[in-house]
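Subject: Structure handover

Hi,

Here is the structure for you to look over. My notes follow below it.

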Amino acid sequence: MKTGCLIIHDGSEEEKRILLKNLTIFEAGRATGNHICLKDESVAPNHFRVFRNGQDYSILDLGTRRGTLVNGEKVEKVNLQAGDVVRAGDLEMTFDLVDDETPGRLASSAPDSDEADAQAINGGVLTKTRASVPTLIVIDGEDAGRRLPLVGKTQFRIGRSVTSDLKLVDGKISREHCLIEAVRDHHIVIDLESANGTIVNGEKVKKTVLREGDFLRLGFTMLRYDRV
């Protein structure tokens, strides 16, 4: 079984291997919270997205100013082949297919965690060793750092309205953008016919179940659903 791998060739993390497995969608960029966190100022906060379908991989540029280049050509979306050279900003990396046991850093929502049980080491979400609370964490945007613990009631509204449970400062977000609803032992997100849509792990949704580590994009704001 082969696994996709991005090998960084320059910048502060030269020759770092990032393994693309366990998930089907990987967000890449400079912002904290991306599965593939690229620490280079020339890279956009949210630069490109990699899709995995078994051993097949493709890459999508996220509308960046400088674009995403594959083998020197600016692309919108293209399938990746072993040996392809990917450039984001000034950062160059090679895509390869490697053996499943190849050492490297898992692309994860906790790429810089030093915890022994981090997703970055073992895959999956962080293992919790104490009682935890389902929470929405704003990881990118004007409200970065804010948290909304999903406790105390069954519905939570997100948007620009002053009556929202989580009011976000983002001109691309609707006044009433989406709703988070508790259903038994999990949460679902419901788009409230917002102008720019509710995006979960790169896919526009009307209604879907949230799982730990899922990313929500509302306008220019990115949130992560997790237990903290």
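The largest nonpolar core has 22 residues. Leu 6, Leu 20, Ile 36, Leu 38, Phe 48, Val 50 and Met 93 have the most contacts inside it. Please keep in mind that this is a predicted model.

Which elements give two or more residues to this core? They are β1 (2-8), β2 (17-20), β3 (25-29), β5 (48-53), β6 (56-61), β10 (85-88) and β11 (91-99). β11 gives the most, with 3 residues.

Take a look at Leu 38. Leaving aside residues up to four places away in sequence, Leu 38 touches Ile 8, Gly 29, Arg 30, Val 43, Phe 48, Leu 91 and Met 93. Of these, Phe 48 and Met 93 are also on the list of residues with the most contacts inside the core.

There is a second, separate core of 19 residues. Ile 173, Val 205, Leu 216 and Leu 218 are among them.

Next, a sheet. Five strands form an open sheet with mixed pairing, in the order β16-β15-β17-β18-β21. β16 (166-167) and β21 (207-210) are the edge strands, and each pairs on one side only. β15 (residues 155-159) runs parallel to β16, and the two pair over 2 bridges. Ile 158 has Leu 166 in β16 as its bridge partner.

Last, the second largest pocket. Its space is about 410 Å³. The lining has 17 residues, and Asn 46, Leu 62, Arg 217, Gly 219 and Phe 220 lie nearest the centre. By class, the lining residues are 6 nonpolar, 7 polar and 4 charged.

Best wishes

Methods:
Residues are numbered from 1 along each chain as its sequence is written. This is a predicted model: local features need pLDDT of at least 70, side-chain atom pairs count only at pLDDT 80 or more; totals for chains, interfaces and linings use all residues. Side-chain values use heavy atoms; hydrogens and water are left out. Two strands pair if DSSP finds at least two bridges between them. Helices (H or I, at least four residues) and strands (E, at least two) are DSSP runs, numbered from the N terminus. On a 1 Å grid over the protein atoms alone, a cavity is a set of points where a 1.4 Å probe fits but cannot get out, and a pocket is an open set with protein on both sides within 12 Å along at least five of seven lines; lining residues have an atom within 4 Å of a point. Grid points are joined across faces, edges and corners, and a volume is the space filled by probe spheres set on the points. Ala, Val, Leu, Ile, Met, Phe, Trp, Tyr, Cys and Pro count as nonpolar, Asp, Glu, Lys and Arg as charged, and the others, Gly among them, as polar. A nonpolar core is a set of buried Ala, Val, Leu, Ile, Met, Phe, Trp, Tyr and Cys residues joined through side-chain atoms within 4.5 Å. Buried means under 20% relative accessible area, exposed over 50%, partly exposed in between (1.4 Å probe, protein chains only). Contact means heavy atoms within 4.5 Å.
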